[in-house]
Amino acid sequence: MTATPSPRPRVLSGIQPSGHMHLGNYLGAVQKWVEVQDEKECFYCIVDLHAITVFQDPKELLEQTRGVAALLLACGIDPAKSALFVQSHVRAHAEGSWVLNCVTPLGWLERMTQFKSKADKEKQRTSAGLLTYPVLQAADILLYDADEVPVGEDQRQHLELTRDIAQRFNHLYGETFKLPKPLIREFGARIMGLDDPTAKMSKGSSGTRGHCIRLTDSEDEIRYALKRAVTDSGREIQFSDDPEKAGVNNLLTLYKLLTHKSREETEADFSDARGYGDLKKAVADVVVEALRPIREEYDRLISDPAELDRLLAIGADKARALAEPKVRLVKERVGFFVPG
Ligand code: AMP
Ligand code: TRP
């Protein structure tokens, strides 16, 4: 291992600038990113190269890239503590991913469930980029010798693949990459859609009203979505693994994570509730209060794009300082002529 040993564990994670950030992103990943900033050395990447694996309107992509940056800062990512940067600003990601593509067997990629479900939706328009998407993700992580990768449950398979790719490269070319560990929380790693608690809350085309809560939603939109949240015909307000109770479980999870209460305290808060209406109202109150400061800070940040760009440029400099020497080492390992 040639990277400078770091006294603190190094964390890296990424988020796509496609669609709008929602409560699933926040509770499954970003809340944790904010929490670990004090004890760990953190790198947070806005993955625009990943976003274009499915077509993005160029104007919207540009807007969303700044939008996600502003939202991450508004959620509490502190540029003085963490490196927040845009993936395409650090060329090493694209270079590294090419080399990793060449050590990754096709069969490994064809097995990825996220590829299979997205490719099904896209049919013949599926891009080659969608297939090699997880290799680029592996490059994002491995170029930083990240120890930990805080993500939602849907990324578990990609993290396993990252470790497999690292091991294969190390085996073929000598010890080069560290094997990263996923950091997946027990509660909140899979926030479900409010309109359908059997489907993950997502940014995609299912952005129908009432499916997800975006971090920038107004109080009315939040209350509307929660009032209509799908539950079941019972009355019991308790955490449960029963698929029938997925809707209630999801609402309790939102409440627990946003109030920072324990499982027992959360259930106790609803022991006198008269029905799911009380639960929905309480969750809506908590969500509205939690998102209010984020939305206000977002409005302030987004109105000053020059300042955002300045912060992202600082983040990219910090990222390049690690990723560039690492990609140089990778090139040397495979036998490229690397000019002095
Ligand atoms: P993405 O929006 O796909 O770039 O995801 C960014 C981060 O949010 C990743 O760590 C995902 O695993 C996480 N994430 C996305 N959707 C959800 C969800 N519904 N529940 C929990 N985590 C999620
Ligand atoms: N694939 C991740 C997602 O959709 C985003 C991502 C890209 C990522 N590169 C990463 C996550 C590196 C963690 C580490 O959520």
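Predicted model: local features only at pLDDT ≥ 70, side-chain atom pairs only at ≥ 80, totals over all residues.
The residues in question are Met112, Gln114, Phe115, Lys118, Leu130, Tyr133, Pro134 and His158. Two helices stand out here: helix H6 (113-122) and helix H7 (128-142) each contribute at least two residues to the lining of the largest cavity. The space inside the largest cavity comes to about 50 Å³.

A search of the whole structure turns up two cavities of 30 Å³ or more, and the second largest cavity holds about 30 Å³ of space. Around the second largest cavity sit Gly193, Leu194, Pro197, Ala229, Val230, Gly247, Asn250 and Leu251. By class, this second lining comprises five nonpolar and three polar residues, with no charged ones.

Serine 82 is found in the loop that runs between helix H3 (58-75) and strand S3 (83-86). Serine 82 counts as buried because its relative accessibility is 1%, where the cut-off for burial is under 20%. Its side chain is joined to that of glutamine 37 by a polar contact of 2.9 Å. Leaving aside residues up to four places away in sequence, serine 82 touches Gln37, Cys42, Tyr44, Ile77 and Lys318.

Terms used. Residues numbered from 1 in each chain as written. Chains lettered and ligands numbered in written order. Heavy atoms only, no water. Helix = DSSP H or I, 4+ residues; strand = E, 2+ residues; numbered from the N terminus. Buried < 20%, exposed > 50% of the residue type's maximum accessible area, 1.4 Å probe, protein only. Polar contact = N/O pair within 3.5 Å; in protein donor to acceptor, adjacent residues only side chain to side chain. Contact = heavy atoms within 4.5 Å. 1 Å grid on protein atoms, 1.4 Å probe; cavity = no way out; pocket = protein on both sides within 12 Å on 5 of 7 lines; lining within 4 Å. Points joined across faces, edges and corners; volume = space filled by probe spheres on them. Nonpolar A, V, L, I, M, F, W, Y, C, P; charged D, E, K, R; others polar.
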